[in-house]
Protein chains: 2
Amino acid sequence: MKRSKTKKIIPAESLSKMGEFGLINLLKDKLAPHNAEVLKGIGDDAAILRPKGGTDWVLTTDMLVEGRHFDLKSTTPWELGAKTIAVNISDCAAMGAKPKIAVISIGIPKDFPPAAVQSFYDGLKGWAGNFGVDIVGGDTVGAGELVVNVALLGEVEKGRALTRSGAKLGDAILVTGTLGDSAAGLHSLRHPGSKGAEVRPLLEKRHKTPVPRMISGRFLVESRLATSCIDISDGLSSEIHHLAEESGLGAEVHSEGLPISRSMGYYAEEMGLDPLELALHGGEDYELLFTVPLPNLGEVLRTMPGQTGVPVKSIGRMTAKATGVTLIGAKGVRKPLKAKGYDHFK
Amino acid sequence: MKRSKTKKIIPAESLSKMGEFGLINLLKDKLAPHNAEVLKGIGDDAAILRPKGGTDWVLTTDMLVEGRHFDLKSTTPWELGAKTIAVNISDCAAMGAKPKIAVISIGIPKDFPPAAVQSFYDGLKGWAGNFGVDIVGGDTVGAGELVVNVALLGEVEKGRALTRSGAKLGDAILVTGTLGDSAAGLHSLRHPGSKGAEVRPLLEKRHKTPVPRMISGRFLVESRLATSCIDISDGLSSEIHHLAEESGLGAEVHSEGLPISRSMGYYAEEMGLDPLELALHGGEDYELLFTVPLPNLGEVLRTMPGQTGVPVKSIGRMTAKATGVTLIGAKGVRKPLKAKGYDHFK
């Protein structure tokens with residue numbers, strides 16, 4: 001994770017003194033576009049883009065709200081900036097698209113320090129840059145709580161975007177990376193202490209600055225090996241339901257097949273948590289959940305980790321709709337797998 | 001203004017019971033795409049778009065926050081939905097682009113009634129539909145105050161988007177419609193009473209559901225008669241500064257030339273307000289401020305009102321940068337015109 005060095009470009013005066021246009025100018029100076037599609041970035045009523053044609057674009061948006069998605073006690077503004085763009089890139093990755101162009105809206109409380117705004121934009125710009133994304137515009141408004149919204153355009157080969165609805169009966173179900181780290185990291189942030197101290201920083205980092213699986217998504221599109229894909233933002237148990245439902249199928253997941261990191265396993269043991277619960281229902285891992293036809297499974301398992309730098313694991317298969325979504329436990333015991341992912345209204 | 005009939009599609013249970021996915025399904029059902037560019041709308045990690053090529057796209061975003069941009073005492077959720085999409089369409093119109101594809105994020109307080117959410121989406125969908133816009137995705141989250149964000153893509157003929165920076169020395173400055181109505185409407189909402197009762201509903205409507213000048217913007221691009229354009233969201237005095245600055249010029253505005261509606265003039269008189277102040281500094285008119293070379297002025301004044309259904313008025317001309325932005329008063333007295341538009345941090 002690369003952090004851009006903090007430069008003193010916002011004077012230490014209050015945001016209200018600087019005013020909205022000061023902030024827009026700041027953004028404009030900091031964010032020169034790199035993608036050829038951007039004819040004009042920040043500074044007009046809208047950005048001007050020129051699609052090169054012959055490709056498809058994907059468009060996604062995500063809003064993060066203080067006190068719901070993050071709190072400023074445990075998350076720095078820099079981390080928030082990084083995460084804001086990361087969660088949108090993750091949606092792009094789930095479609096197999098290359099993220100390219102974003103607009104950012106931010107609602108800022110009056111007493112939010114200008115240095116924190118600068119830090120937020122540093123994180124945003126740094127992570128956008130790492131993934132080849134240009135910030136081409138935005139809106140800056142006052143708000144009672146900090147709220148940030150990104151809308152992101154990505155590009156994908158014509159007709160080849162991965163959707164949730166493409167899974168076929170019998171397809172293998174796979175996930176990238178490991179599951180439950182982010183939930184364990186959130187637990188750690190909420191339960192400070194010395195237990196499991198060795199792994200807390202890593203787990204907390206997984207929660208605060210998730211790395212979107214852009215390269216994994218691109219691999220799946222370029223290799224043509226996958227039939228469907230979704231990112232795990234609300235927890236595996238929720239996302240597998242979405243994928244099954246949209247594909248008109250059921251699914252079975254082997255609990256013993258779930259990829260659990262040593263760090264998460266250790267933390268769960270130390271804290272008396274059930275690692276399986278964290279892996280199944282913990283949100284915000286931003287790993288990819290995808291399906292591949294059985295004949296492709298060997299090739300995916302053999303080539304994908306090496307070419308993407310991220311492990312993949314087969315965790316189950318797509319079944320007939322009538323069987324629903326089931327979890328197969330240690331001794332082959334089946335039970336319904338209920339969606340228990342995070343829901344913002346519950 | 002057409003209001004869609006309220007249908008009982010959200011049961012009268014609390015939002016927390018319905019859950020986030022209930023809301024997403026609601027959106028999905030209500031918003032089938034019409035633009036050919038939309039291959040897949042709501043329901044996946046991102047929408048899939050296919051630009052037809054050979055045109056430019058514009059991208060803009062706007063955030064509205066409860067208590068800052070609207071209050072739910074004087075604005076209905078339906079009106080808020082309409083305004084949310086309208087202010088983004090206005091940015092598109094200022095570029096001369098045809099609005100096409102939008103994503104919407106909404107942060108909803110826990111106790112916000114489901115019927116109000118339904119009404120918000122009715123307004124949003126109704127106005128989006130009126131202007132040919134497809135809502136192709138979004139995000140629905142919990143928040144402490146109601147906050148809505150739209151990101152909007154529009155399409156414009158290749159290389160012909162209107163910017164703030166294209167004005168030339170000597171160009172005539174024009175505005176569509178009338179100025180200050182929205183500010184007078186806001187004043188009326190904040191000062192209930194019987195004075196000026198005849199015109200209050202009209203002025204308040206101008207504030208609550210502004211009609212974006214899409215057709216005027218399209219006329220300017222199609223006719224090739226304009227050199228620059230900006231929409232008046234923060235007030236004429238602010239926007240003329242942006243336009244002059246971006247074009248590297250100064251500007252002079254004739255106070256007697258400003259288009260003031262009879263309703264606003266009457267209301268100002270009744271309430272002891274200065275109509276000139278409202279017209280110069282009142283925000284949220286969402287009229288277009290644009291420049292045309294002098295040789296085009298006659299044609300614009302002659303043809304544009306008939307072809308767009310919206311009056312246009314010449315209010316000044318672009319001058320050398322050194323002269324700054326000046327206001328020419330009744331007896332030819334010049335004084336600097338300071339930007340006094342609304343600033344969210346002041």
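Begin with chain A and the boundary between its domains. Here 18 residues of domain 1 of chain A are in contact with 18 residues of domain 2 of chain A, two residues being in contact if their C-beta atoms, placed from the backbone, lie within 7 Å. The model is predicted: local features need pLDDT of at least 70 and side-chain atom pairs count only at pLDDT 80 or more, whereas totals for chains, interfaces and linings use all residues. Residues are numbered from 1 along each chain as its sequence is written, with chains lettered from A and ligands numbered from 1 in the order in which they are written.

To colour the two domains, select 15–157 of chain A for domain 1 and 172–336 for domain 2; these bounds come from an automatic or database domain assignment. Their centres, taken over C-alpha atoms, are separated by 27 Å.

On the side of domain 1 of chain A that touches domain 2 of chain A, select α2 (77–94), β4 (98–108) and β6 (147–157), each of which supplies at least two residues. Helices (H or I, at least four residues) and strands (E, at least two) are DSSP runs, numbered from the N terminus. The largest share of this side, ten residues, comes from α2(A). By class, the side comprises nine nonpolar, four polar and five charged residues. Ala, Val, Leu, Ile, Met, Phe, Trp, Tyr, Cys and Pro count as nonpolar, Asp, Glu, Lys and Arg as charged, and the others, Gly among them, as polar.

**Between the chains**

Now display chain B as well: 59 residues of chain A are in contact with 60 residues of chain B. Strand β3 (residues 55–65) of chain A gives the most to the chain A side, with nine residues. Centre on A:Leu59, which stands opposite B:Ala47 in β2(B).

**The sheet of chain B**

Next, select the seven strands of the open, mixed sheet in chain B, in the order β8-β10-β7-β11-β9-β12-β13; two strands pair if DSSP finds at least two bridges between them. Which strands stand at the edges? They are β8 (228–231) and β13 (334–336) of chain B, each with a single partner strand, so one side of each is left without a neighbour in the sheet.

Within the sheet, strand β9 (residues 250–254) of chain B runs parallel to strand β12 (residues 325–328) of chain B, and four bridges join them. B:Ala251 stands opposite B:Val325 in β12(B).

**Helix pairs**

Return to chain A and select helix α4 (residues 181–190) and helix α5 (residues 200–208), whose axes come within 7 Å and cross at roughly 110 degrees. Axes are lines fitted to C-alpha atoms, for helices over the stretch in contact, and angles run from 0 to 180 degrees between N-to-C directions.

Finally, in chain B, select helix α2 (residues 77–94) and α6(B), whose axes come within 8 Å and cross at roughly 15 degrees. That makes α2(B) roughly parallel to α6(B), the term for angles under 35 degrees. Show the side chains of B:Ile89, B:Ala93 and B:Ala94 of α2(B) and B:Met214, B:Ser216 and B:Gly217 of α6(B), which make the contact. These residues divide into four nonpolar, two polar and no charged.

How values were computed: Angles under 35 degrees count as roughly parallel, over 145 as roughly antiparallel, 65 to 115 as roughly perpendicular and the rest as oblique.
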